[in-house]
Amino acid sequence: MIENEDIYNKMVSAENLNDAHFKVIIDNQNLILKNQGILSKQLTEINEKLDKLLE
């Protein structure tokens with residue numbers, strides 16, 4: 001019975017680790033999207049300033 005319990009515990013640990021990795025991936029994707037938004041806004045501001053300088 002202990003062997004089966006050990007196997008079960010290892011499976012649960014692996015599943016928890018997989019869930020944690022999945023959460024990290026999702027968090028990283030959200031950070032990437034946020035950074036893309038920030039960079040896009042900054043580029044827009046730079047382009048607007050350049051347009052004013054070129055007038």
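**View 1. Charges along the protein.** The protein carries 6 positive and 10 negative side chains, and the centres of the two sets lie 12 Å apart. Lys and Arg count as positive, Asp and Glu as negative; His and the chain ends are left out. Each charge is placed at NZ of Lys, CZ of Arg, CG of Asp or CD of Glu. This is a predicted model: local features need pLDDT of at least 70, side-chain atom pairs need 80 or more, and totals for chains, interfaces and linings use all residues. Numbering starts from 1 along each chain as its sequence is written, and side-chain values use heavy atoms, without hydrogens and water.

**View 2. The fold.** The protein has one helix and zero strands. Its radius of gyration is 24 Å, well over the 10 Å of the globule rule for 55 residues, so the protein is more spread out than a compact globule. The radius is taken over C-alpha atoms; the rule is 2.2 Å times the number of residues to the power 0.38. The C-alpha trace spans about 80 × 5 × 5 Å along its principal axes. Helices (H or I, at least four residues) and strands (E, at least two) are DSSP runs, numbered from the N terminus.

**View 3. Glu 15.** Glu 15 sits in helix H1. Its relative accessible area is 52%, so Glu 15 is exposed. Exposed means over 50%, buried under 20%, partly exposed in between (1.4 Å probe, protein chains only). Buried residues make up 0% of the 55 residues. From Glu 15 to Asp 51, 36 residues apart along the chain, the C-alpha separation is 54 Å.

**View 4. Leu 43.** Leu 43 lies in helix H1 (residues 2–54). Leu 43 counts as exposed because its relative accessibility is 51%.
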